[in-house]
Structures are given as structure tokens and as C-alpha cells.
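Welcome! Please take a look at the structure below, and then we can walk through how its parts meet.

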Amino acid sequence: MEVRRSYRKLNEVTGSSFGVVSDQCRQLKRFVITRRNDETNQKALNWLASGKALAMTDTNFLKLTTLVSDYVAAKSKSLTCNLQSRALFLTRRSQRLRRTAAMTKTISIICLSFLYIFSSCVEIDEFKDTPRGNFEALWKIMDERYCFFSYKEVDWNEIHDRYSAQVKDKMNRDELFQLLNKMLQELQDGHVNLITPFDLGRYWKWFEDYPENFDGKILNEHYLGTDFSIASGMRYKMLEDSIGYIYYGNFSSGISPTSLDYILYKFADCDGIIIDVRNNGGGLLSNATEFASRFTNERKLVGYIQHKTGKGHNDFSDLFPIYLDPSTRIRYQKPVVVLTNRSCYSATNDFVSSMRLFPLVTIMGDKTGGGSGLPMSSELPNGWAVRFSACPTYDADKQPVESGIDPDILIEEWDDKDRTQDPFIEAARNYLLKSD
Amino acid sequence: MQKYLAFLILSCFTLFPCFSQEDKPLRLNYRSSMLGLGQASVYDSYLSPLNYSGNSYSFMEERISMTGLSNGNIAVQQLFYLDYYSTLNPPGNAIQYAGFLEYSPGLFYRLAPLPDLKVFAGSQINALAGFVYNPRNSNNPATAKAHLNLTLSAAASYDFRIKSQPFRLRYQISSPFVGAMFSQNFGQSFYEISIGNNENLVHFASYHNQIILRNNLSLEIPFNFMTIRLMYANSFYETRVNYINTRIYNNSFMIGFSREFFTIPGKKQVKGNFKRVFE
């Protein structure tokens, strides 16, 4: 703006007002306006000085000289500004290029890092869907994740060698199933199953080799009859001698807190209740906890749990305590007998393990079946599922209950000839009546 | 005097936005919403030693705008992903589901090495919550996935024309490099966690135990009334914690719309002086 303004003024005065002839005016413009360095500007000023002879008054000459000087100064300043902005532009451009180069370098390093990282990705064990592949996959799953190798003193490597020799490439589906199931049975664990669409591999010796001590027909005909109530999977009835009786055959049947309230309220006037969990093979631990919480008035340490922390047979975490909090709803305050037999397994075993700690509760019957390992699942390349004990649990004294829990009162007599009475229920009734 | 000062202060507050709006260009927000379909692979050794594969369904929402930081060269981006996978094991007799919710806000420095090329580099906070669920399993039916990471990310945008039709090609790569993640222990059940054993569940996460990568390559085709965005999205998620290995990857083709908009308070006339993210 300053350059333009001074140029306009100069152009005006170099017209005719100062009486400068047109040739001289053009020469003046050529010197002053078109030349940009200091040397030629100085020449222009000198030329103007000589132009004093061209009938210019001193005042006009002084004005013209001032105007030319202003213009030259403005032009010089503008030139400096242009140079400065040019330098700034170049500096910024240089910075931008440096930044781009740095970014390119960084991105290259990142890409190379990715290449390095991806070369160390996790490897997935790929077992083929062949008899050999399925055998090896099953053995490895159990080797890394089964939790009772040391407790049961099982030499799993020896078992591998023994059964591996029996694997044939041309085994059919049934032969493979039988072989794998036989290998799993070496663990003697009711929580270990091989689950296929055509059969369930299992180990049931924990109850098959013992007296059943339970007859559903006697129970229905001589105790429950036809007028019993059912709620939350529990069959319950007030027996003739004012003893409440609850049969709960499966901890998978969801327990409703409201149903429990009704059941326990109904037995409020009884002298005691019998909770019969014989032949209850387990289910959900949450149901066992909910049921047991109705029989304690204080927070109670009921056991411990641990888990595997690695693939080694003895890689376990520290024992973590399990507490049972008393229910905030109806709690039973009279004597209770829990009837057990060898078919009490898993969550039922856990229920019995908790109940035996409560002062008003007595465990009667036979030893439970055990099953203290919380089971987890996996699968083989051919799609067969496998279930196994993964997290061992212990009682409140940190003792394993995998092999079962002894009752407080063992009942050994089960007279098969007398089919009109259940000796376990009769023993429980007598016990409750005496304790009353 | 007090009245005068109050008037002066009020005037400053009242007039300042007007001046700033007139002097500075209005920053446009870029927003894109996309739906996708693809193929996913899910491997989680806690649930199964087999690699499950199947369909993936994805949703992505992206928002970017320039900020006034660093001479207006800083862009802020928000990415929101919702992924759902339904997969089968190799024999085809067991199903496994997975779902992930992911949010990544981040700041990017923008460079323009060429008139039509914009390069972005920056960092994001990457928050993820998800699950892998195998209904067939007993006490290990699911694994929970969660992490909070700091992510390195780079992006590039290139504008070009074929005949008279303009196109914009965009690519973005992101990978978390440090953070924290949740993982249950090797043989730990969620029952044990539920009764209070929270030990060793949160882990420091970096490339030694976590590799997560997202690649998005998209082509935007502007029309008179909308801009269609087509995208190939690739995600890779791998963790190695407590002897539990997880590898999940997904390749999706996504389609959606993108648009640029501005928000100003009140009814103000807006002149055509805009600052766009990719221009």
C-alpha cells in the first residue's frame, strides 16, 4: 500500500505540475520506478539534482526529491518485506519437508515393527481330524487343563504311551470313541465325559459300585403319596409326625427364593425337616448356595477354591476362601437332617459340605459321591466335546472332598426285603423326634 | 465506573464470537456411518482349541473435524465400532458368538505434502469391551474381553478425478501400543471371579502380549445429494495372557454415507468460508 501510494504521488508530480518535460519525466520514471537497487536509485536522485536547471523552483525540487526518496524508501521496505516473507515461506516449507521426512521415517519404523511383531504371533495347535489327531488333541487338553493328576496320582504320560499304541489310522468312529473313553476313565472322575452325538462317555463307578440306598417307588408310595406339593423342583410334604420332608433331586432345577420362603414357612410349625438329596447328581452351585443360606444365621467360611495358573500338573493358584452369607429372607431355625447317598455328586457334594458346618444340621445316610472339581469343557477336531474337572474345591478345613463326604451319622442298613419303609427317612424322623 | 467495566466486559464477550466467526473459517465436521458384512475367524483357547469361522456384522461411525490447535493443523477424530460374529467350529456342530464395542477418540496432526494428498498421524485412546460366548461349554461358556489402550494411528487421504467425477481414497491404520487389559487366569472360572477373586485379572498390555491392528481402506464418491463411502475394513486382535491365547480377525466390506456439516449457536448467516478436514 505504501509503495503504491508513493508511486501515485510521484507519478502525479512528474506529470506537468513541476514543469518537467516529458522526456525527462520518462527518464525519471525509468530510473526511479523501474530500477530497484540502491545504486540506481541514488543515480536517480543525482539526476534529479542536475534537473534543478530544468526551471524547477527550489520548493518544487525539494518536494519532488522528498517524494522520490519516499518512494525509494517504500520500495526498499517492500522489497525487504518480500524477501522476509520469501525467507519465511522457504523456512516453513523446509520445516514441513523435514516433518514429512520424519513422519515417513516413523511410519517406516512402525511398519517394520509390525513385520517383526507379526512374525512372532501365537501359534494355534492344529490337530488333524484323524484318529491320531483326535487322540493327541484330547490327551493334550487333559494334560494342560485337568486338575487332579497329582491328587489321584495319575501318570498321564504313561497313559499316553499305552493308549497311543492302540490308535490306528483306519479306526472307525465307534472304535475311536471306545478307546478315548477308556483312556479318560483312567482318571476315575465323574466330571470327565466324552460327549458325542451318538454316545456319552462317562465314569460312574463312584456310585455304581456302591449300594443305591434309595428307592423312588417306596418314596412315592409310602411317603409322598399323591398329595405332595412341588415348587422350584422340590417335592415337599408334612409327614404324619409333624416332620417336614423335602425331596430335591437335581440342583439344575432353578430355586426361586419366593418358593423357598413358602416351603420353609409351611414347615415353621414342624419339629424339624428332612432335606433328601439322595440321587441328586448336582447342577448349579448358585442353587446350592441359595438353598444352604436358609440354614445359617451368620457369615460362614464353607470352603476354598483354586484354579490352574499354567499348563503344568501342579500349577495352581493359592486357595481362595468361599464364604456363605445368611439369607436375608426366611431362615429355618429348627433341626434339619440332610439325607445323602453315593449318588450325591458335584453341586450336591458342595451343598452337603456347607450344610454340615451349621449347628442345627445333621448329615445322615451314606458317604457322598464327591466330585469337587468345577468342570470345564473343550472339544476335539472332529467336534466331540470333552468335559473335565478344572478347578478343585476344598472344605472349610482345606481338605479335598473330591472322593466324597462322610455323613455325621452313617446308616448302613437298607433291608431290601422290607419294601414298605425307607430306612434313611425313618432314621431321620426318629432322630428329629428325639432331638425335639 | 463499575457499570462501564461491566458493559465493556459484556461487549467483549458478545462481540468476540462475531469477530472470530467472520475472521476465521468455519470448521466443518466430517461424519460417516457404515454397515458391513464379512468373514470372521475366532480362536480363544480358554473356550476351545479349534478355530471358529463365520459371518461378521459390523457398524462403524466416524467423526472428524479440524481444531484450532497448532495453527489449525490438528484434527480430532472419533471412531465407534460395533462388531458381532457368528461362527462355527470346523466340523460345523458347535456355534460360537462374539461381540465387541469399541470407541477410539484421537488427535491427529495434518500435513499436506501435495495439494491433493493429506497425511495424518496421531494417537487415539482405544476402549474395547466384548465377549466370546460358546453355549456348549459348562463352567467356561464365555470369555470377557476388555482393554484401554493408547493407539498409534496414521491416515492418508488422496483426492483425484476420473473424467469429471471426483473421488477420495482414504486409508487409516491403527494399532494400540500400550495400555491395560482384562483377562481371567488360565483355568479360572467366572464363578471364582464372581465370589471375589479378582487377583491378576488386569494386565499391562503392549506388543509383547497384545497385537491389535485395524486397517480401513475406503473410497468416497461424492454425488450432488450425498457422498457414498465404500470401505474394506480389516481388524486383527491377538492376545497372549495367562497362557490364554486369543486370535480374532475380521475382513468386512462396508458401505455407508459420509457428509460434512457445521454447528453454530443461534440463527446466524454463514458465509462460504469453510475449513475442511480433507481439503
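## A salt bridge between the chains

In this predicted model, the side chains of Glu379(A) and Arg136(B) meet in a salt bridge, with 2.5 Å from N to O. The count of salt bridges between chain B and chain A is one. Polar contacts join the two chains as well: 14 residue pairs across the interface, with both residues at pLDDT 80 or more.

Which parts of chain B supply the side that touches chain A? At least two residues each come from β5 (95-114), β6 (117-133), β7 (142-162), β8 (165-182), α2 (190-194), β10 (210-222), β11 (227-241) and β12 (244-261). Of these, β5(B) gives the most, with four residues.

## How much the chains bury

The size of an interface is often given as the accessible area lost when the parts come together. Here chain B and chain A bury about 3,800 Å² between them, and 66% of that area is on carbon and sulfur atoms. Three residues stand out on chain B: Leu111(B), Phe186(B) and Tyr191(B) supply 17% of the area that chain B buries against chain A, more than any other three residues.

Counted by residues, 48 from chain B are in contact with 42 from chain A.

## A nonpolar patch on chain B

Leu37(B), Tyr57(B), Tyr84(B), Phe131(B) and Tyr133(B) make a nonpolar surface patch of about 470 Å².

One of these residues, Tyr84(B), sits in strand β4 (residues 74-88) of chain B. The relative accessibility of Tyr84(B) is 36%, so this residue counts as partly exposed.

Notes
Residues are numbered from 1 along each chain as its sequence is written. Chains are lettered from A and ligands numbered from 1 in the order in which they are written. This is a predicted model: local features need pLDDT of at least 70, side-chain atom pairs count only at pLDDT 80 or more; totals for chains, interfaces and linings use all residues. Side-chain values use heavy atoms; hydrogens and water are left out. Patches are made of residues with over 30% relative accessible area and no salt bridge: like charges are joined within 9 Å, nonpolar side chains (Val, Leu, Ile, Met, Phe, Trp, Tyr) within 5 Å. Accessible areas come from the Shrake-Rupley method with a 1.4 Å probe; for residues, only the protein chains shown count as cover. A salt bridge is a side-chain nitrogen of Lys or Arg within 4 Å of a carboxyl oxygen of Asp or Glu. Buried means under 20% relative accessible area, exposed over 50%, partly exposed in between (1.4 Å probe, protein chains only). Contact means heavy atoms within 4.5 Å. Buried area is the accessible area (1.4 Å probe) that two parts lose on being put together, summed over both. A polar contact is a pair of N or O atoms within 3.5 Å; within protein, one must be able to donate a hydrogen and the other to accept it, and residues adjacent in sequence count only if both atoms are side-chain atoms.
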